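Subject: Structure handover

Hello,

Here is the structure for you to look through. Please open it first, then read the notes below it.

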Amino acid sequence: GVSSCIVVVVRTPVPRKPRTRVAHLLGCDNVHLEYPSKRVFDSLTLGIDEGDRIGVVGGNGDGKSTLLKLLAGTQAPDRGRVIRRSGTVVHMLGQTDSLDPAASVARSVVGDAAEHEWASDAQTRAIIEHLLADIAWDGPVGELSGGQRRRVDLARVLIQPCDVLMLDEPTNHLDIPAIAWLADHLKGRWPARAGALLVVTHDRW
């Protein structure tokens, strides 16, 4: 038979001013997704608004990563639709990366930006300092360990400005100080009623 998965979305309450209009950023309507042996989502409807801070929890294989892929537009549903407000920028850290092994760490993280451009931004410098301090900036990605690649990919995603940030188990391969820094970074990334964050994680922050 076909088994169903259960994913629980935990939404952190965000203080809002009375009668403040909430901007809808992203969501899905009546989404259905099924594999040969498993029904992942059946009539799933979910809305993500500015200011939302959402934790996605569930057992292994319950569709947490699939939910992020659907919302990011990297996986299509069998039925239903994913809705994104015009101009909304979405970035996602997946379970696997698509980094070019031949590219340098620098190019993978900041692209073609000149050093004086990214080095003048305090947030960019902090991301590089806390995630990549022990990684050769000009070295090739292909020589990195799996954990180092993961941190390079996380830095790449965090450096890019976006309206919706989705992170699939971002604390994998991070030590305790880096996890603490990441929690602080995410708390202060946007003002209270701006941006939206979805995180799949097994850690308590």
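Arg-149 and Asp-97 meet through their side chains in a salt bridge, at 2.6 Å from N to O. This is a predicted model, so treat each value as computed from it. The two partners come from distant parts of the chain. Arg-149 sits in helix α5 (residues 146-159). Asp-97 sits in the loop between β7 and α2 (105-110), and the two are 52 residues apart. Arg-149 is buried, because its relative accessible area is 19% and the cut-off for buried is under 20%. Asp-97 is at 27%, so it counts as partly exposed.

Why do such pairs form? Side chains of opposite charge can pair when their charged atoms come close.

The structure holds six salt bridges. Here are two others to find.

- Asp-29 and Arg-81 meet at 3.6 Å, N to O. Asp-29 lies in strand β3 (residues 24-35) and Arg-81 in strand β6 (residues 79-84), so the pair ties together parts that are 52 residues apart in sequence. Asp-29 counts as partly exposed, at 30% relative accessibility.
- Asp-134 and Arg-151 meet at 2.9 Å, N to O. Asp-134 is in the loop between α4 (122-132) and α5, while Arg-151 is in helix α5, so this pair ties together parts 17 residues apart in sequence. Asp-134 is exposed at 54% relative accessibility. Arg-151 is buried at 14%.

Next, look at strand β8 (residues 164-168). Is it mostly covered or mostly open? Mostly covered: five of its five residues are buried. Both faces are covered. Val-164, Met-166 and Asp-168 are buried on one side. Leu-165 and Leu-167 are buried on the other.

β8 has strand partners too. Strand β7 (residues 90-93) pairs with β8 in the parallel sense, over four bridges. Met-92 has Met-166 in β8 as its bridge partner. Strand β9 (residues 196-200) also runs parallel to β8, and five bridges join them. Here Val-164 has Ala-196 in β9 as its bridge partner. Follow the chain from β8 through helix α6 (residues 176-188) to β9: together they make a right-handed β-α-β unit.

Last, the second largest pocket. About 160 Å³ of space lies in it. Which residues line it? They are Lys-69, Ala-72, Thr-74, Met-92, Gly-94, Gln-95 and Thr-96. The lining divides into two nonpolar residues, four polar and one charged.

Best wishes

Notes
Residues numbered from 1 in each chain as written. Predicted model: local features only at pLDDT ≥ 70, side-chain atom pairs only at ≥ 80, totals over all residues. Heavy atoms only, no water. Buried < 20%, exposed > 50% of the residue type's maximum accessible area, 1.4 Å probe, protein only. Pairing = 2+ DSSP bridges. Right-handed = clockwise from strand over helix to strand, strands pointing away. 1 Å grid on protein atoms, 1.4 Å probe; cavity = no way out; pocket = protein on both sides within 12 Å on 5 of 7 lines; lining within 4 Å. Points joined across faces, edges and corners; volume = space filled by probe spheres on them. Nonpolar A, V, L, I, M, F, W, Y, C, P; charged D, E, K, R; others polar. Salt bridge = Lys/Arg side-chain N within 4 Å of Asp/Glu carboxyl O.
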